[in-house]
Structures are given as C-alpha cells and as structure tokens.
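Morning, everyone. Please have a look at the model on the screen before I start.

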Amino acid sequence: MFQLSKKARVIPILKKPALDPSDISNYRPVSLLSFLSKILERVVCNQLSDNLMQNNLHDPNQSGFKAAHSTETALLAITEKLHAARSAKLSSVLILLDLSAAFDTVNHKTPLSTLRSLGICGTAWEWFASYLDGRSYQVTWKGLTSAPRRLSTGVPQGSVLGPLLFSLYTHSLGKVISSHGFSYHCYADDTQLIFSFSPSDTTASARISACLADISSWMTAHQLKLNPSKTELLIIPGDPSPAQDLTISLSNSMISPSATARNLGVTMDNYPFPPMSLM
C-alpha cells in the first residue's frame, strides 16, 4: 500500500497562456499524488514541524513552512534591514537568487543526514528514508500516459513534506552567507541576500562576487544550480550618495543592477527609502 502512495502522475501545464506551447521550457510540471499518502504526510509534517519549533532547530531566517510565517514576514525582514542600513547612511545591495528546478535535484542523503543531526533517529528516521526511496512518476499528456520512471533524486513535487525537507536540505547555506558578513532571508527556495556597506567602500563589488562564488560552490556540492539570467540585483544608495555602478560576477556570467525587481510577488525598486521618523 505504501509503495502505491509513492507514485506520482505529472501533468505539464503552460506557465502563461501567451507562451509558445511548442517550447517544452514553457511548461510547469504539476505532480498529482495519492490523497491518502498526503494525509499521512500531513500528520508527519505537523509532528516534525512541532519538534523543530519546540527545540529551536529551524533556521530563523527561513519564513517558509513555519507557523505564523509567510511571504509577508520575509518581505518585512528584508525591508527592515534595508531601512536600518539607510538610516545609518549605508548603501545596500539586495540580491534575489534564482534556482533551476531546485526541488527536483535534492540528493536524498543530505536531508536524511540533516534529520539525524537534528535528533531524528530510529524508526522515525527509517520512515523518512523509506518515504524518499523508491518513488516513481508517469507523465500524462493529451490522453496518453508514459511508462513509469524512477525518481532517484528530489523531494516529491506537490507533496506536503517536500517543501519542509527542502528547507532542511538548505539548512547549512546560511552559514556560508553569514561568513561573508551578509544578511539573508529565505522563503522556500527563494533566497534574498543583503550586503550593506559604506558608499566609499571600493571593495564592495569584490566582496559580493566572493560571497556569490562560495554560494555557487555550495550549490554545486548540493546538486543545485543557480540561474544567473534570472538572478536580480538592486542597489539602494546611502544618503546622500548616488547609486553605485556595480557589476557582479556569478557562474561566468555578469549580473548588472536593475531599477526594479519582483520579490515574492512584490515589485521593489532602487529608489532610496525616505528618512525614518518616530510617529
């Protein structure tokens, strides 16, 4: 019975009606899972989330899959840091990292190792190992269904547990970012970096590139891939300095600052924040 619950039916859905339907990259795979398996996942997910919360094991800079957290709390955390830097007359760089097919490339050994390090062991750990192992999918398209294919990597798309397991998978990324003096906040696989610096600092570009290089190395080691073409960069200048012209290197690509960026459904621009005042 449990083996049956590991089978998924994938239906490709066009991301936007106006996109070219003949281009496979314009489709988003929607995974349909067993209703009974998702009920079981919900029970396990609630127990795991409670354990992580009670023992303070969550990444404090992750707003995804946590009670009383949402995209709103992630955006508030970011804007507060930018306001604080602005009031200190520091310039800030906001970098919005984009990952390619992040949930599909998860190496199962890493979240299982992380669970063990967090105290999940014995029968509970064995359940998670069984949950990830032996999964398969079939693609349905225009009334036809493909032969089943085994999934040896990734967390199940459309599952209840998948997003939480992904957040555990990226648990160690925060240490890499913090080691460079950057602030960060995540929502699922959306990672937002903030680096604040003096407007006169001539090393800012090199420090940002060094941090991104280490992040890229971490991603490679964890079978994740940064997408430079969709990674966005905003510069919020410190008062009264003008915006600095920074061009950052990432995975043999150059990222230039943009005037606006879409962050968790909200469009942000590089216009300096107004002075903060007490009401």
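This is a predicted model: local features need pLDDT of at least 70, side-chain atom pairs count only at pLDDT 80 or more; totals for chains, interfaces and linings use all residues.

Residues are numbered from 1 along each chain as its sequence is written, and side-chain values use heavy atoms, with hydrogens and water left out.

The second largest pocket is lined by nine residues you can pick out: Val44, Gln47, Leu48, Asn51, Gly119, Ile120, Ala124, Trp127 and Phe128. A pocket here is an open set of points on a 1 Å grid over the protein atoms alone, where a 1.4 Å probe fits, with protein on both sides within 12 Å along at least five of seven lines; lining residues have an atom within 4 Å of a point.

Two of those lining residues, Trp127 and Phe128, also form an aromatic pair, edge-to-face, at 5.3 Å centre to centre and 90° between the planes. Rings of Phe, Tyr and Trp (its six-membered ring) pair if their centres lie within 6.5 Å; planes under 30 degrees apart are stacked, over 60 edge-to-face, the rest tilted.

Which of the two is buried? Phe128 is, at 5% relative accessible area, whereas Trp127 is partly exposed at 23%. Buried means under 20%, exposed over 50%, partly exposed in between, with a 1.4 Å probe and protein chains only.

Another pair, Phe182 and Phe195, is stacked, because the centres are 4.6 Å apart and the planes at 10°. Phe182 is buried at 4%, and Phe195 is buried at 2%.
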